[in-house]
Amino acid sequence: MDEQVRQRFDTFEIRSYSPELETDILRILQGSFGTRWGDLEFWRWKHSTRPGFVPSDVVLFTEASQLAACFHMSVRTLRLAPGLDVPCSFEGDFAIDPTSRGRNIPQRAYIHSAQDNRAIGEIL
């Protein structure tokens with residue numbers, strides 16, 4: 001990997017959801033999908049207040065304390081039969097600030113979400 005690209009890539013901090021980031025999450029989502037995407041109450045209904053919500057299912061990338069991207073996903077193992085476990089992901093909204101696009105963020109989000117599931121890391 002080109003050293004300049006590596007330096008840009010490595011400047012991200014990966015975080016999980018926390019309530020104080022909701023406004024920034026909404027800004028990124030509306031910046032990507034428009035204001036018709038919904039408001040903060042809609043986001044909470046879809047994510048933070050739904051039964052079974054896990055904060056780590058919302059992967060956030062920050063750079064210099066500014067939110068750069070958010071991914072709503074969950075990587076789980078699906079058992080198809082005894083001894084046949086398949087890694088899969090369930091996704092929601094993905095949004096990346098335009099100035100942060102083209103930096104391999106989606107791949108890193110999947111790897112981060114699947115850190116306990118080695119098979120998905122091998123696929124990527």
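Strands β3 (66-81) and β4 each supply at least two residues of a nonpolar patch. The model is predicted: local features need pLDDT of at least 70, side-chain atom pairs count only at pLDDT 80 or more, and totals for chains, interfaces and linings use all residues. Residues are numbered from 1 along each chain as its sequence is written, and side-chain values use heavy atoms, with hydrogens and water left out.

**Nonpolar patch**
- Leu78, Leu80, Leu84 and Val86 form this surface patch, with about 330 Å² of accessible area together (Shrake-Rupley method, 1.4 Å probe, only the protein chains shown counting as cover).
- Patch residues have over 30% relative accessible area and no salt bridge, and nonpolar side chains are joined within 5 Å; a salt bridge is a side-chain nitrogen of Lys or Arg within 4 Å of a carboxyl oxygen of Asp or Glu.
- Leu80 lies in strand β3 and counts as exposed because its relative accessibility is 53%, the cut-off being over 50%.

**Asp93**
- Asp93 belongs to strand β4 (residues 84-96) and is buried, at 11% relative accessible area (buried means under 20%).
- The side chain of Asp93 makes polar contacts with the side chains of Trp37 (3.2 Å) and Lys46 (2.8 Å); such a contact is a pair of N or O atoms within 3.5 Å, one able to donate a hydrogen and the other to accept it.
- Beyond neighbours within four places in sequence, Asp93 is in contact (heavy atoms within 4.5 Å) with residues including Leu29, Cys70 and His72.

**Whole chain**
- The protein chain has 5 helices and 4 strands (DSSP runs of H or I, at least four residues, and of E, at least two).
- From the N terminus, the elements run α-β-α-α-β-β-β-α-α.
- Of the 124 residues, 36% count as buried.

Note on methods
Buried < 20%, exposed > 50% of the residue type's maximum accessible area, 1.4 Å probe, protein only. Patch = residues over 30% accessible without salt bridge, like charges linked within 9 Å, V, L, I, M, F, W, Y side chains within 5 Å.
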